[in-house]
Amino acid sequence: MYRYQDFDRAFLAERNAQFRAQVERRIDGSLTEDEFKPLRLMNGLYLQLHAYMLRVAIPYGSLRSAQMRQLAMISERWDRGYGHFTTRQNIQYNWPELRDVPDMLDALAEVGMHAIQTSGNTVRNVTADHFAGAAADEVADPRPYAELLRQWSTDHPEFQFLPRKFKIAVTGAEADRAVIRAHDIGLQLVEKDGEIGFRVLVGGGLGRTPVIGKVITDFVSEAELLPYVEAILNVYNRFGRRDNKYKARIKITVNEEGIDKIREEVDAVFVRTRDEFTGFGDVLDRIKADFAPPALEEGRGTQAYSDAYEQSPVFRSWADTNLTAHRDADHAIVTISLKAHGATPGDATADQMRLMAELAERYGHDELRISHEQNVILPHVHRADLPEVHARLSEAGLGTANVGLASDIIACPGMDYCALATARSIPIAQEIATRVDELKIEHEVGHVQIKISGCINACGHHHVGHIGILGLDRAGVENYQITIGGAAGSDAALGTRTGPGFPAEEIVPAIERILTTYLDLRCDAAETFIEAYRRVGMAPFKTALYDKEQSRDAA
Amino acid sequence: MPPRSFSPKVVTANRLLEGDAVWLTPSGRWSPDMREADLIEDEGRAAERLAEAESQAGLVVGPYLADAKAGPGGPEPTHFREAFRARGPSNYRLGKQAELTGS
Ligand code: HEM
Ligand code: SF4
């Protein structure tokens, strides 16, 4: 994994010292709130409903054990002993006090972490496939490119005042686990005639105007990635709508100008940026060396795994849902669910963070990942160690076997924390998970993604949920609108509204009706929820949701 | 001329240092307990009190007028957003619900 150089350390130390001084000047009255607010936002500090909130970047979702331990320490020393992992591969602390934040940032810097560019109209934390470097299906590890982009865009003068925030995601595999189609730029590593390059998508985004990204080029070589991205940002800087915040994202620019026109403009600028580009010297090679794959154990049997799989139904159930194929058959990728039924999606206590750090150190080559699905991943675990890993996780309340199932819900903080929210999301997620657990139907239902946002900003990705839930304020009452048919992977699609929304006390039964309707109408157990929806369309779900007779029967 | 109808308000903000929600009391103190807030029934007075709050940038951030109604223990929220601010999040017993006695 990337290790900070002296340059990064000096840069962070300077930024933190500046921010410490800015906080002092705000407190002693030399800075007004209007002056201070953009400064604190540049350093990831928001003011929410009940307290400040510090958003810390976890670049491409990768963490070492020492970093996870530090996150735990910070949560105990300056917060309330837990952290919230988000869809943007960040961690948020919900209760810091203003005076403590400079100390928190210093503590982060000790382990090479920071909160810079987690806010503002800049290139945000570059996200990547959380299975990067481990997945059986990838062309190459996307993280070196994410890191290259991070280094290049951090504090880049041309990109500090973009028309609006700018989000880039990179994946190394065809199966899109980084939701690249919902990012301003999505990069997919591809191989063409033995050469590594990128398929580039542009103009994806969620928020109040959701758009699926469009392919701007099918191939740009590794060497030309930076000048190509620079060309896109340059065109965006010129054409982006600075007059209207709601039209300022590149997705609107692409929609208004058309992808062909944007492609023409980008190609024209690219001629220049490519010429001016002097190459990245050995920077990429050095970064790649930092991401060298771990030395995997060879020749050790996996009998312990097979035995546990045969003998323990609990282990088998967990193995079936929470493990993913590793490129090495003797290893597995472990997804640790932060979605215990009834718990807050994405939250981990300090003790849980320390346990995950310990397991990563002992059994997982010191690597942890945060997924946009708000779970934690141990990317390289030998199969023989899985029974022990599972046992330790279970003791800590981290053994829930539900990854990819109905209770593995993405939920934004919603009105329990967020100042922009129009309704709550967390309690809805908690209640749905509790309900499907009571009914014991989620293993039968199988793969379905439920995603919840507490307002149209769509931080909870509801548009691309198989089932999306959007919380709104309807005349002073929380009301929830359902969409069906969205998808976040390489089959990305925006969901369609089912019809009128539901009040808080009716939303869980409504979701239950959708799930049982699917069970009734699917061809067989192999047909997933989204496949069934694509076959039958909205009509049966609408009937189940709105037909009075039926809803009374179900109630 | 009868006064235009004005729905009662409280002045609320977040504390600069702690970041938590506070309400302006009749005596001009900032209280973490909404029930101690000054319930303002008059539009002119609301504007005055808001201006007073805005002059205290060293203590609070983002003061605004929020709708409220009289309750047995003091002013109460009328909208759920303000109810959450007065109580704390629903997923943990943190914030006001844990910090204030008698709530
Ligand atoms: C203080 C809390 C937050 C604020 C103020 C906030 C603000 C916003 C705003 C204004 C947008 C709309 C952007 C646009 O359409 O141009 C947005 C989008 C988004 N935010 Fe947040 N957000 C918050 C928390 C979160 C959290 C906790 C997550 C992750 C769980 C998150 C992830 C996202 C994502 C994925 C999008 C949609 C993707 C896109 O940018 O198009 N945000 N956020
Ligand atoms: S979707 Fe809305 S409520 Fe949820 S975190 Fe984003 S801004 Fe807040």
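Across the interface of chain B and chain A, the rule finds 1 salt bridge. The partners are Glu99(B) and Arg80(A), whose side chains meet at 3.7 Å, N to O. This distance falls under the rule because the nitrogen need only be within 4 Å of the carboxyl oxygen. The model is predicted.

The wider interface was then examined. On one side, 25 residues of chain B make contact, and on the other, 32 residues of chain A. About 2,300 Å² of area is buried between the two chains. Carbon and sulfur atoms give 59% of that area. In chain B, three residues lose the most area to chain A: Leu17(B), Phe80(B) and Phe84(B). Together they account for 25% of what the chain B side buries.

Over all chains, 47 were found. One of them joins the side chains of Asp260(A) and Arg263(A), with 2.8 Å from N to O. Both residues belong to helix α8 of chain A, which spans residues 259-276. They are 3 residues apart in this helix, so about one helical turn separates them.

The iron atom of ligand 1 has a single donor from the protein. That donor is the SG atom of Cys459(A), 2.2 Å away. Cys459(A) sits in a loop of chain A. The loop runs between two strands, β17 (450-453) and β18 (467-474).

The largest share comes from α11(A), with 3 residues. By class, the lining of this pocket has 13 nonpolar, 14 polar and 7 charged residues.

Key. Residues numbered from 1 in each chain as written. Chains lettered and ligands numbered in written order. Predicted model: local features only at pLDDT ≥ 70, side-chain atom pairs only at ≥ 80, totals over all residues. Heavy atoms only, no water. Donors = N, O, S within 2.8 Å, 3.2 Å for Na, K, Ca; no water. Helix = DSSP H or I, 4+ residues; strand = E, 2+ residues; numbered from the N terminus. Nonpolar A, V, L, I, M, F, W, Y, C, P; charged D, E, K, R; others polar. Contact = heavy atoms within 4.5 Å. Buried area = accessible area lost by both parts, 1.4 Å probe.
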